[in-house]
Amino acid sequence: QVQLVESGGGLVQAGGSLRLSCAASGSIFSINTMGWYRQVPGKQRELVAAITSGGSTNYADSVKGRFTISRDNAKNAVYLQMNSLKPEDAAVYYCNALLSSSTTWPRQLRNYWGQGTQVTVSS
């Protein structure tokens, strides 16, 4: 069984910073892509940033230049450094991983989700 656990959410003032962390654990063979999504009430979940196993990244236009995604393959972890936070960044942030389990064969990539961590930005 694979689990993703997020941490680092909280309340910050506009212009402040937060660092989100996500660690994957369980029967993992390999992790392809990890990413962060966010969702606010009344809107669909949207991609914030993603990073491949090779380190390639992509970001939502709204966060480019402010957010940085990184990963630690040895720890099966992904991070999101959020700077210059804006009120519109407030949302529940979800960690996502596209990975293959060590308990299945043939190997298949599957998406796993964390439970989410709340980010609140005050003005």
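**Close-up 1. Salt bridge between Asp89 and Arg38 in the predicted model.** The two side chains meet at 3.0 Å, N to O. Asp89 sits in the loop between strand E8 (77-82) and E9, and Arg38 belongs to strand E4 (residues 28-39), so the contact ties together parts that are 51 residues apart in sequence. Both Asp89 and Arg38 are buried; for Arg38 the relative accessible area is 7%.

**Close-up 2. Arg38 with Glu46, and the network around them.** A salt bridge also joins the side chains of Arg38 and Glu46, with an N to O distance of 2.8 Å. Glu46 is partly exposed at a relative accessible area of 35%, whereas Arg38 is buried. Arg38, Glu46, Arg66 and Asp89 are linked in a network of salt bridges.

**Close-up 3. Salt bridge between Lys64 and Asp61.** The N to O distance between these side chains is 3.1 Å. Lys64 is partly exposed, with a relative accessible area of 49%. Asp61 has 64% relative accessibility and counts as exposed, because the cut-off for that class is over 50%. The model has 4 salt bridges by the rule applied.

**Close-up 4. Disulfide between Cys22 and Cys95.** The S to S distance is 2.0 Å, and the count for the model is 1 disulfide. The torsion about the S-S bond is about -80°, so the disulfide is left-handed. Cys22 lies in strand E3 (residues 18-26) and Cys95 in strand E9 (residues 91-101); the pair links distant parts of the chain, 73 residues apart. Cys22 is buried at a relative accessible area of 1%, and Cys95 is buried at 0%.

Terms used. Residues numbered from 1 in each chain as written. Predicted model: local features only at pLDDT ≥ 70, side-chain atom pairs only at ≥ 80, totals over all residues. Heavy atoms only, no water. Disulfide = S-S within 2.5 Å. Helix = DSSP H or I, 4+ residues; strand = E, 2+ residues; numbered from the N terminus. Buried < 20%, exposed > 50% of the residue type's maximum accessible area, 1.4 Å probe, protein only.
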